[in-house]
Amino acid sequence: MASEKCDVKARLEEELERLKRRVGLGLDLHVVWAPHRIKYNIDGNPLSGEVKGNTIIIYDSSLDRALETLRHEFLDYIISHEIEEPYKMLINRLIEVFESVMYKKKERVIERLQSII
């Protein structure tokens, strides 16, 4: 059993390295195999895997399913990191600018109101 565990973990690590070389992205990613941990999504369904930071966590216990989940989570990370993150950065910057403008306007209104009361 312990040897089987090592084989699955080693195979997942090999596959992740293959994906990174093939795509040329996600070079900082690592994989953790946690077949006995059960996590649920927001709908209450069990997760096959997830990405936390730069770690892909695989919950599937069979090698075939674990490899499939690894590929899915790798692609999800690449899309999220390469496409969605720049949008989030832009939106956050817009919010910062808007808050700064609104703060200055609020202060100006308070100064005017103070002068008349």
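Helices (H or I, at least four residues) and strands (E, at least two) are taken here as DSSP runs, numbered from the N terminus. The structure is a predicted model, in which local features need pLDDT of at least 70 and side-chain atom pairs count only at pLDDT 80 or more, while totals for chains, interfaces and linings use all residues. Residues are numbered from 1 along each chain as its sequence is written, and side-chain values use heavy atoms, with hydrogens and water left out.

Let us start with the strands, where pairing requires that DSSP finds at least two bridges between two strands. Strand β3 (residues 55-58) pairs with β1 in the parallel sense over 4 bridges, with Thr55 as the partner of His30 and Ile58 as the partner of Trp33. Strand β2 (residues 49-52) runs antiparallel to β3, again joined by 4 bridges. These two strands form a hairpin with 2 residues between them, and Gly53 in the turn has a positive phi of about 65°. Both faces of β3 are covered, Thr55, Ile56, Ile57 and Ile58 all being buried (under 20% relative accessible area, with exposed over 50% and partly exposed in between; 1.4 Å probe, protein chains only).

Turning to charged side chains, a salt bridge places a side-chain nitrogen of Lys or Arg within 4 Å of a carboxyl oxygen of Asp or Glu. The count comes to 10. In helix α1, Arg18 and Glu15 are 3 residues apart, about one helical turn, and their side chains meet at 2.7 Å, N to O. Glu15 is buried at 2% relative accessibility, whereas Arg18 is partly exposed at 31%. Glu15 also bridges to Arg11 at 3.7 Å, and a network links Arg11, Glu15, Arg18 and Arg71.
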